[in-house]
Amino acid sequence: MRPIGIDDIELATAHHVVDLSTLAEATGTDPNKFRLGLGQDQFSFPAPDEDAVTMGAAAAAPIIERCGTEGIRTLLFATESGIDQSKAAGISVHKLLGLPSQVRVTEFKEACFAGTAALQAAIGIVSRNPGERVLVIASDVARYELDSPGEPTQGAGAVAMLVSADPRLIEIEQVSGLFAADVDDFWRPNDSTTAIVDGGLSVTAYLDALSGAWDDLQEQGGPALAEIDRILYHQPFTKMAKKAQLHLGQHAGEELSCDLPEIGADGVARVGSQDAASADRQGAAGEAPGTPRDTGLATSTLYNRRLGNTYTASVFAALAALLDHDDDLEGRRIGFFSYGSGSASEFFTGRVLPGYASRSRRDDVAEALDARVPLSVEAYRALHSTVLGSADDVETPRVTSAPFRFAGVKGRARVYERS
Ligand code: CAA
């Protein structure tokens with residue numbers, strides 16, 4: 001059977017950034033609580049003319065430019081921050097990208113898990129018709145109430161992936177471990193713009209789901225822990241990935257390195273004392289006996305500690321960070337743990353293909369993250385409190401420098417345009 005997996009990947013951020021040191025100062029919090037306690041430095045925040053649609057389209061546009069539209073007959077849009085109860089956000093993206101009419105478009109929902117559900121559905125479609133390619137977009141705005149424990153774990157961003165046969169980046173392997181449980185750890189009622197969360201329960205529910213999905217992976221004949229070279233986790237805040245790594249190591253009986261990046265005096269996160277790529281080269285050369293095995297945890301957090309929680313996109317933003325910073329991945333097996341509150345989760349694996357390193361987007365991602373426009377805490381909180389209804393026609397101010405924008409509401413329908 002032909003290999004099927006991720007052929008191309010691209011990440012997009014929102015226009016603004018909130019630095020957590022400024023939030024710490026404004027709220028009288030020790031900045032180390034955010035930086036070390038949660039493992040977060042910043043979060044992206046959307047301009048008034050941005051949402052999950054505009055970020056998703058921004059992530060997908062470069063893929064369409066590079067790879068064309070031939071064979072793309074399905075667009076799957078995964079989000080927790082959907083913009084309509086009925087119409088799929090992907091329909092607006094389909095138009096913004098100028099895709100042909102002959103495309104199956106739909107939206108996937110199950111909190112942060114939906115991106116993985118869409119990826120697996122895409123693989124199923126390509127297995128049936130290997131000549132087809134599927135565009136998978138995971139895009140979210142993570143919003144919690146102001147002054148709640150979740151506030152510093154907000155974020156915004158999107159990841160787009162092209163799924164195809166004979167992919168150039170990662171072949172996704174067949175066996176998956178699954179786990180579902182009805183748990184009220186995090187949810188967002190239809191009439192609420194912010195998530196409701198039981199923080200403590202959400203952390204234990206995540207870890208229970210991790211061991212449940214791992215056990216199922218083993219029962220299904222998946223690889224043992226020692227056969228997985230790198231491990232990526234859903235990262236609602238990057239310290240959660242550290243908790244997950246510790247939990248998995250204890251559960252599966254192997255000591256794994258739980259180090260997150262070091263924070264330099266300049267406030268910049270680095271992997272060890274070196275740049276990320278050379279640190280990973282060293283790890284691959286073999287650790288000293290007795291040293292916990294390095295599975296790329298620190299490297300995989302480099303984007304998410306600056307983006308914040310991107311819900312459906314988070315585990316794929318971790319993948320993008322790994323692909324962009326680890327130059328010794330060829331032939332290596334990556335494990336992915338995807339968790340969606342509520343809850344549904346999956347542990348699956350993939351093999352990195354030769355030539356992946358030549359497709360690094362490292363400089364572009366760094367440039368996009370650095371180009372975000374900082375918001376003062378007052379300005380961010382004012383934006384957070386501005387919730388646009390759909391009852392009246394409204395035009396949004398022109399703020400974003402992204403390629404697409406949310407122009408406003410007309411006749412109760414959302415209007416999107418090229419910037
Ligand atoms: N210096 C260093 N560390 C400090 C510190 C300081 N001055 N002050 C506190 N800390 C540490 C604490 O020791 C703690 O560390 P551990 O977790 O290792 O014990 C950490 O900072 C967090 O502090 P608190 O325990 O006081 O917790 P909190 O009240 O800040 O809440 C939270 C943390 C529950 C995660 C909250 O941010 C939250 O509700 N977030 C949203 C929900 C969430 O992300 N859940 C994750 C699992 S669910 C999921 O994954 C789906 C999803 O995307 C939402």
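Domain 1 and domain 2, whose bounds come from an automatic or database domain assignment, bury about 4400 Å² between them, 58% of it on carbon and sulfur atoms; buried area here is the accessible area (1.4 Å probe) that two parts lose on being put together, summed over both. On the side of domain 1, the residues that lose the most area to domain 2 are Cys-112, Ile-170 and Arg-362, which together make up 16% of what that side buries.

This is a predicted model, in which local features need pLDDT of at least 70 and side-chain atom pairs count only at pLDDT 80 or more, while totals for chains, interfaces and linings use all residues. Residues are numbered from 1 along each chain as its sequence is written, and side-chain values use heavy atoms, with hydrogens and water left out.

The protein chain is divided into domain 1 (4–170 + 361–418) and domain 2 (173–354), and the C-alpha centres of the two domains lie 20 Å apart. Their contact, meaning heavy atoms within 4.5 Å, takes 57 residues from domain 1 and 53 residues from domain 2.

Turning to the ligand, 23 residues surround it, the closest being Lys-33, Ser-202, His-234, Lys-239 and Lys-243, where a residue counts if one of its heavy atoms lies within 4 Å of the ligand. Domain 1 and domain 2 each give at least three residues to this shell, and at least two residues of the shell come from each of α2 (31–38), α6 (199–219) and α7 (238–252); helices (H or I, at least four residues) and strands (E, at least two) are DSSP runs, numbered from the N terminus. By type, the shell divides into 10 nonpolar, nine polar and four charged residues, with Ala, Val, Leu, Ile, Met, Phe, Trp, Tyr, Cys and Pro counted as nonpolar, Asp, Glu, Lys and Arg as charged, and the others, Gly among them, as polar.

A polar side-chain atom of Asp-30 lies 2.9 Å from a nitrogen atom of the ligand, whereas an N or O atom in the side chain of Lys-243 is 2.4 Å from an oxygen atom of the ligand.

Two backbone features remain. A cis peptide bond, with omega about 5 degrees, joins Gly-342 and Ser-343, and Ser-343 is placed in the loop between β14 (333–340) and β15 (344–352).

Methods. Polar contact = N/O pair within 3.5 Å; in protein donor to acceptor, adjacent residues only side chain to side chain.
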